Amino acid sequence: MRIFKQFDNGLRLIINKMEGFVSVSAGVLVKTGSINESSEENGISHFIEHVMFKGTKKRTAFEISDQIDRIGAQINAFTSKELTCYYTKSTAEHLSESLEILSDIFFDSVFDKEELEKEKGVIIEEINMSEDTPEELCLDLLAKSYYGTSGLGQTILGPAKNIKRFTRDDVKKYMDKYYTADNVVISLSGDVDVPRAVAFVEEYFADKFNKKKSASQKKIKNATLKNLYKSKRIEQTHIGFAMKGFSVNDERADAFAIANTVLGGGMSSRLFQKIREELGLAYSVYSYASQYKDSGVLEIYAGVNTSARDLAVEAIVNEVKRFKKDGITEQEFLRGKEQIKSAFILGRESTASQMLLYGKYLIYLNKEFDVEERLKKLEKLTLSDVLDVIDTSFDIENSATATVGSKRSPIKL
C-alpha cells in the first residue's frame, strides 16, 4: 500500500506500508550533494550532514543519541553526489519520537562554533582514511577523470582545506539554497499507521521550512575523458576505466544493468573469470554502473601487482572488446536477469532499503515507484534488448582511466 501527499509548500511525503513488518524506517531526503557545490564549497553537503548531529536548541549531541537509544531506535545519515539523507529505524510504536528527533536536528540545529571545530577534525580524519584506501582513491580519481573537476567529478568529502575554513554562516547559506520544502522528500516504509504518520509529518515538518523554493540544480557537464594517475608508495597498483552509461530514468537502464552483471558483477562474470581465475592477475576485479538523475557511467576496477599492471590493462581491454563484439549468450542473459530480479526482490525484505528506494525515486524523478510495474518491465526484457545496449556502449577504447600506484604514468590503452 502506497500513500503520496504533496503539501502546499512543495514538501512531498511517500508512505510504503509493508504488511508483516514490525519496524519503520523514516528518511528525510534532500536533493543536494557534491554535484551542487562550487569548488570552494566542495565538501559542505557532507559537512552539514555531520554537524546536524552536534546539538539543537533543546538537545545536546549526547542527548540526541541518548534519546534515540532509550527508545531502541537507530539514527544516522549519509551524503552522496546528488542526495543527503537523514534517517531513523524504530519499532512502529516509536515512530512519533523518531520523527520528532529528525525534525529537531533538521530545523533547530544550532551549529555551535566549538562543536563545528571539533567535527572538522573528525571529517579530516575521514578524508585521511580515504587517502589511505587506494581502491577508494582510485575510484574518486576515476570520477574526476570522467566528469572533470566540478559536479559529479568532485569528491563527496571535499578537500581538507575547504573543511578547515567552513563557518556557521557557510552552513546556513548553503542550507538556505537547498534545504527547502520543494527540495525535500520524507519517506516512510514498514509497519506504518498511515493516518498517524501523516499527522506526525504535518506536525513536525510541513510548516517549519523557512523557504519553499530551492536554488537551481547544477547541470552535469559532458565527460572530459582524461587519463589520470596518482603516485603512491603502495604494494599494488589500482586501475579504473569509465565509460558512458545510462541515467536512472533511461528505459535502457535495466538492460544495461544485466549487461554489467555479466561483464563484471559477480564471481561468474567475464572479468572475474578471466582476470582473476584464468590469468591470476588480480584479487579484486569488478564493474558497476553508477546511475544519476541525468547521467550514467560504467566503471571497471582492478587491484593488481605493479609489475603486471600493463598486462592486466591489456587483458581487461581485450575482454571488454570481446564482450562488445560478441555480446552475451542466452544462458548469461538469463543468469544476469535473475540476479537483477533477485536483488530487487530481496531488497523488499528491508524497510530501510525500501524507504530509500521510494524516496529516491520520488526526489529524482517526481514519480511514485511502482513495484509491480518494475517487475513487469524486468520480465519483459529480452536478450535482444541487452545486445542492443552492449552494441551502443562499452566503448573501452574511448574510456577515461585512473591509476593509483608507484608507477608514475597513466594507463595506456
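User: Why does I186 count as buried?

Analyst: First, some ground rules. This is a predicted model, where local features need pLDDT of at least 70, side-chain atom pairs count only at pLDDT 80 or more, and totals for chains, interfaces and linings use all residues. Residues are numbered from 1 along each chain as its sequence is written, and side-chain values use heavy atoms, with hydrogens and water left out. Now the term: buried means under 20% relative accessible area, exposed means over 50%, and partly exposed lies in between (1.4 Å probe, protein chains only). I186 has 0% relative accessibility, so it counts as buried.

User: Where does I186 lie, and what does I186 touch?

Analyst: I186 lies in strand β6. Strands are DSSP runs of E with at least two residues, helices are runs of H or I with at least four, and both are numbered from the N terminus. Contact means heavy atoms within 4.5 Å. Leaving out residues up to four places away in sequence, I186 touches L11, R12, L13, I14, G27, V28, V201 and F205.

User: What makes D254 buried?

Analyst: The relative accessible area of D254 is 17%. The limit for buried is under 20%, so D254 is buried. D254 sits in helix α9 (residues 253–264). Beyond its neighbours within four places in sequence, D254 is in contact with R374, L378 and L381.

User: And why is E319 called buried?

Analyst: E319 has 4% relative accessibility, so it counts as buried. E319 belongs to helix α11 (residues 309–326). Its contacts, neighbours within four places in sequence aside, are R270, L271 and K274.

User: Which residues of helix α8 are buried?

Analyst: In α8 (residues 194–206), the buried ones are V194, A197, V198, F200, V201, Y204, F205 and A206. Seen down the axis of α8, the buried residues fall within an arc of 160 degrees, so they line one face of the helix. The arc is taken from the directions from the helix axis to the C-beta atoms. Exposed P195 and E203 are on the face turned away from the buried side of α8.

User: What covers the buried residues of α8?

Analyst: The cover includes β1 (2–6), β2 (12–17), β3 (23–30), α3 (95–108) and β6 (184–190).

User: Why are α3 and α8 called roughly parallel?

Analyst: Their axes come within 9 Å and cross at roughly 25 degrees. Axes are lines fitted to C-alpha atoms, for helices over the stretch in contact, and angles run from 0 to 180 degrees between N-to-C directions. Under 35 degrees is roughly parallel, over 145 roughly antiparallel, 65 to 115 roughly perpendicular, and the rest oblique. Therefore α3 and α8 are roughly parallel to each other. Among the residues making the contact are L95 and L99 of α3, and A197 and F200 of α8.

User: What makes α1 oblique to α4?

Analyst: Helix α1 (residues 44–51) and helix α4 (residues 113–131) pack at an angle of about 125 degrees, with axes 10 Å apart. That angle makes α1 oblique to α4. H46, F47, H50 and V51 in α1 meet L116, E119, K120, V122, I123 and E126 in α4.

User: How do you know whether C85 and C138 are buried or exposed?

Analyst: C85 has 0% relative accessibility, so C85 counts as buried. C138 also has a relative accessible area of 0%, so C138 is buried.
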